[in-house]
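Hi,

Here is the structure I promised to pass along.

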Amino acid sequence: MRRRKAEKRESLPDPKFKSRILGKFINMVMERGKKSVAERIVYGALDNIKERVKDKDSLEVFLQALENVRPLLEVKSRRIGGATYQVPLEVKLDRGQFLAMRWIRDFARQQKGRPMKARVADEIMNAYKREGPSIKKREDTHRMAEANKAFAHYKW
């Protein structure tokens, strides 16, 4: 039996837009504690998006992209009587946002040969248009959950 749940710490909002979600994304992009570099990458990506999408605010585009990528279902391995089942579970809002940000960041990092802010901007724009690898990842996650819904009664 576990002792207790760790209390959630609220992340600080970003300095420019005062958005907690964007502040969290900046922290995810950050490597080796270099927050100013991460801020430059993310704000550069948002400026890039602002040039591409004239009629909408770049923060709105970012939030919509996150919403498009956020998974609603995922599978977790459960060991029951010597067999391991992939049990589909609903994803809470916080975890869904975390997964969406991680997928966007990771797919941006996988591209090579261009500045990081351009890669992040492309990944966010693809997610906003509901295309690209992060959306494919979400669809694959949903497909996996759908395929294993026969084991849904094992969730607890």
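One cut-off before anything else: a residue is called buried when its relative accessible area is under 20%, and exposed when that value is over 50%. Keep in mind as well that this is a predicted model.

With that cut-off, tryptophan 103 is a clear case to begin with. Its relative accessibility is 7%, so tryptophan 103 counts as buried. You'll find tryptophan 103 in helix H4, which covers residues 93-110. Leaving aside residues up to four places away in sequence, tryptophan 103 touches Val69 and Pro71, and also Ser134, Lys137, Arg138 and Thr141. I also looked at how tryptophan 103 sits relative to leucine 63: the two are 40 residues apart in sequence, and their C-alpha atoms are 14 Å apart in space.

Next, serine 58. This residue belongs to helix H3 (residues 58-69). Serine 58 has a relative accessible area of 3%, so it is buried too. What does serine 58 touch, not counting residues up to four places away in sequence? The list is Phe17, Leu46, Ile49 and Lys50.

Now for the surface. Lysine 8 lies in the segment before helix H1 (20-29). Is lysine 8 buried or exposed? Its relative accessible area comes to 68%, so lysine 8 is exposed. Lysine 8 is also part of a patch of positive charge on the surface, where it gathers with Arg2, Lys5, Lys24, Lys76 and Lys92.

Stepping back to the overall fold, the protein chain has 6 helices and 2 strands. Reading from the N terminus, the order of elements is α-α-α-β-β-α-α-α. Taken along the principal axes, the C-alpha atoms fill a box of roughly 55 × 35 × 30 Å.

A few totals to finish. The protein chain has 156 residues, and 39% of them count as buried. It exposes about 10,300 Å², with carbon and sulfur atoms supplying 51% of that area. As for contacts between residues at least 6 apart in sequence, 62% join residues at least 24 apart.

Tell me what you make of it when you've had a look.

Cheers

Notes
Residues numbered from 1 in each chain as written. Predicted model: local features only at pLDDT ≥ 70, side-chain atom pairs only at ≥ 80, totals over all residues. Heavy atoms only, no water. Patch = residues over 30% accessible without salt bridge, like charges linked within 9 Å, V, L, I, M, F, W, Y side chains within 5 Å. Areas by Shrake-Rupley, 256 points an atom, 1.4 Å probe, with all protein chains shown as cover. Salt bridge = Lys/Arg side-chain N within 4 Å of Asp/Glu carboxyl O. Lys, Arg positive; Asp, Glu negative; His and termini not counted. Charge placed at Lys NZ, Arg CZ, Asp CG, Glu CD. Helix = DSSP H or I, 4+ residues; strand = E, 2+ residues; numbered from the N terminus. Buried < 20%, exposed > 50% of the residue type's maximum accessible area, 1.4 Å probe, protein only. Contact = heavy atoms within 4.5 Å.
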